[in-house]
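Subject: Handover of a structure, with findings

Dear colleague,

Please find below the structure that I am passing on to you.

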Amino acid sequence: MSSATSTGRPSKMQRVATMVRFPLCLLLLQRVGGSSGCAAERDFDASLLQLPRADACRPNSAALEGSEASLLQLPRVAATPLDGGVTVPLVVNISDWQQIHSGVPIALRGITSSNILITANNHPDKAIESLGGAAGAQLIVLQTGPEWPGNLVKLAAYKAVAGALPAKAVVMFTDSDDVWFRFGGGAPNVFSRFVTLVSPDVDGVLAGKEVVISAERGFGMMGHGGNFTKLVRPHNHHPSELPSNPYETKLGIADTCTPETSKWLRCLQSKMANAGLVIGFASALHRLLNNTWNVCDQCRQWDLSRGSSSLQGASDQNQLTHYLLTEPIFDGGRCAIDYEMSLFHTTAGFADQDYEYRNGSLHLTLPGGANIQLQAPVLHIPGNPEGPAIAAKLFGPSKVAPEGSDASLIHLPRAEAVTEPLVVNISDWQHIHSGVPNALLGITSSRVIVTATNSAGSAIENLRGVAGAQLVVLQTGPKWPGNLMKLAAFKAAAAALPAKIVVMFTDCCDVWFRFGGGAPNVFSRFVTLVSPDVDG
């Protein structure tokens with residue numbers, strides 16, 4: 001990569017920083033924003049976890065689309081839109097009837113991105129942390145009031161959103177906290193994959209479709225059976241009303257299900273619609289959701305009352321399934337269930353032992369023993385009863401994908417995964433010499449990232465969860481005391497940590513962690529390279 005500007009002078013902000021580990025060293029290339037002719041813009045490395053916040057060299061849209069350049073972190077505040085329309089997440093108020101019917105269309109004016117990811121949530125910060133930057137899409141978080149108003153609000157809000165967006169935009173409606181975007185190992189971009197699979201010019205079960213819905217094995221939300229009564233299901237349907245999964249039928253999987261008296265209602269085939277993952281063209285989604293809304297009595301009553309009646313306590317999935325089974329079924333054939341798990345995989349009905357990594361790829365054992373390589377770029381792992389065990393199997397105790405697997409994640413559920421960042425006061429000599437050793441007592445992680453800053457919030461936003469490491473932020477006073485403070489604080493931190501752990505000292509806000517495209521984990525790579533048993 002060139003280090004000169006168009007004038008021939010050296011670029012003002014391209015350097016290599018040495019991260020000192022006592023007594024080990026790591027090197028990490030840093031890039032910082034410069035002039036419009038900066039080298040990073042001309043020769044973009046498309047595997048960056050972190051984008052600089054302001055005045056940065058911005059990648060072009062081609063580097064993001066369909067590449068290994070999906071981002072764990074996008075600039076969240078006061079960021080310049082990336083070329084191609086990917087911007088900071090947009091939070092839209094849907095706290096009442098008026099906001100949904102009038103506010104949503106106004107809020108979405110000017111949206112030009114062709115790939116849009118939408119979720120509804122009463123905790124937008126969690127949704128942004130889970131989904132921000134996923135698949136290079138524009139994220140829109142629809143924020144309800146503090147109390148969740150019921151799942152039917154998703155139908156109302158999604159319908160309004162789909163009607164307000166450009167007709168040809170590809171829109172994905174998704175749950176947030178239990179959805180993972182796979183990354184690496186050949187897992188495709190879900191938006192690009194959708195456009196390819198539904199093209200009328202290709203062969204395949206999705207060719208010519210306009211909307212695709214995730215398949216699942218559970219049928220509890222279809223009707224009145226089972227012991228799960230948390231959500232009202234006004235329509236009573238049975239799995240026998242749905243077509244068999246043709247892909248799994250060819251694999252010899254019988255189209256049979258548990259009795260309706262069972263606690264957990266499961267079929268051997270994944271053939272039920274799961275409303276937590278839906279993708280399609282905006283105009284087609286608007287038609288689907290509008291028609292679903294019109295066969296929902298509780299929904300229509302809410303509209304007639306201008307929101308004074310309740311949407312609480314009912315299943316949106318029951319309503320969606322009912323419409324799909326209303327003649328002409330599957331929205332006149334324009335809507336399809338993702339039988340082959342080409343885009344989505346919902347884990348309901350599977351167990352942790354059904355998943356394994358083999359030769360760097362994720363494999364799934366289907367009922368009856370057929371084993372397939374799981375291609376779906378998006379995983380939905382509902383909580384009960386199998387979800388926690390599956391998540392632990394796929395992502396380990398920290399929910400970080402096993403080394404060398406293809407399950408690298410855009411979504412790390414951070415509160416439960418990598419230990420929460422530790423902020424340590426280094427505002428004066430006493431805190432460095434006495435406070436740091438006390439604060440670092442009990443650190444057991446084998447991988448620790450340490451940075452010093454006078455803005456702990458920015459450091460946490462930039463570095464939290466990267467490389468599967470424990471983050472320690474050494475916070476000075478409000479005024480930066482000078483770079484020599486880092487030597488003092490890093491020396492104290494290194495001495496306080498266990499002798500054999502790997503520590504990386506880094507700047508905070510101009511450092512990128514590459515991810516995907518074969519880029520290794522920096523800690524694992526370091527251990528390999530410094531081993532006395534290797535040449536190098």
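I begin with a proline. Proline 328 sits in the loop that leads from H10 to helix H11 (329-333). The peptide bond that joins glutamate 327 to proline 328 is cis, and its omega is near -10 degrees. Please bear in mind throughout that this is a predicted model.

Aspartate 331, which belongs to helix H11, has a positive phi of about 55 degrees although it is not a glycine. Its relative accessibility is 2%, and aspartate 331 therefore counts as buried, the cut-off being under 20%. Alanine 135 also is not a glycine, yet its phi is positive, at about 60 degrees. Alanine 135 is found in the loop between helix H4 (124-131) and strand E5 (138-143), and it is buried, with a relative accessible area of 5%. As background, most residues other than glycine have a negative phi, and most peptide bonds are trans.

Enclosed and open spaces

The structure contains six cavities of 30 Å³ or more. The volume of the largest cavity is about 120 Å³. Its lining consists of Lys154, Leu155, Tyr158, Phe173, Ala275, Val278, Leu285, Leu288, Leu289, Asp316 and Leu320. By class, nine of these lining residues are nonpolar, two are charged and none is polar. At least two residues of the lining come from each of helix H5 (152-164), strand E9 (272-281), H8 and helix H10 (316-324).

The largest pocket has a volume of about 1,300 Å³. It is lined by 43 residues, of which Asn151, Asp175, Asp178, Leu231 and Pro382 are the closest to its centre. The lining of the largest pocket has 12 nonpolar, 21 polar and 10 charged residues. Strand E4 (115-121), H5, E9 and H10 each supply at least two residues of this lining.

Helix H5 has 13 residues, and its first and last C-alpha atoms are 19 Å apart, close to the 18 Å expected at 1.5 Å a residue. Of the 13 residues of H5, 11 are buried, so this helix is largely enclosed by the rest of the structure. The buried residues are Leu152, Val153, Lys154, Leu155, Ala156, Ala157, Tyr158, Lys159, Ala160, Val161 and Ala162.

Which residues of H8 are buried? They are Ala282, Ala284, Leu285, Leu288, Leu289, Thr292 and Trp293. These residues cover an arc of only 165 degrees around the axis, which places them on the same side of H8. In general, an α-helix has 3.6 residues a turn, so residues three or four places apart point the same way.

A pair of strands

Strand E18 (residues 447-453) and strand E20 run parallel and are joined by four bridges. Within this pair, isoleucine 449 stands opposite methionine 504 of E20. In strand E20 (residues 502-505), Val502 and Met504 point one way, whereas Val503 and Phe505 point the other way, and all are buried.

Loop residues and contacts across the sequence

Lysine 500 lies in the loop between helix H15 (484-496) and E20. With a relative accessibility of 81%, lysine 500 counts as exposed, since the cut-off is over 50%. Lysine 500 and serine 446 are separated by 54 residues in sequence, while their C-alpha atoms are 8.0 Å apart in space.

Leucine 251 is in the loop between helix H7 (246-250) and E9. Is leucine 251 buried, exposed or partly exposed? Its relative accessibility is 37%, and leucine 251 therefore counts as partly exposed. Leucine 251 and alanine 370 lie 119 residues apart in sequence and 6.8 Å apart in space, from C-alpha to C-alpha.

With kind regards

Terms used:
Residues numbered from 1 in each chain as written. Predicted model: local features only at pLDDT ≥ 70, side-chain atom pairs only at ≥ 80, totals over all residues. Heavy atoms only, no water. Buried < 20%, exposed > 50% of the residue type's maximum accessible area, 1.4 Å probe, protein only. Arc of directions from axis to C-beta. Pairing = 2+ DSSP bridges. 1 Å grid on protein atoms, 1.4 Å probe; cavity = no way out; pocket = protein on both sides within 12 Å on 5 of 7 lines; lining within 4 Å. Points joined across faces, edges and corners; volume = space filled by probe spheres on them. Nonpolar A, V, L, I, M, F, W, Y, C, P; charged D, E, K, R; others polar. Expected span 1.5 Å × (residues − 1).
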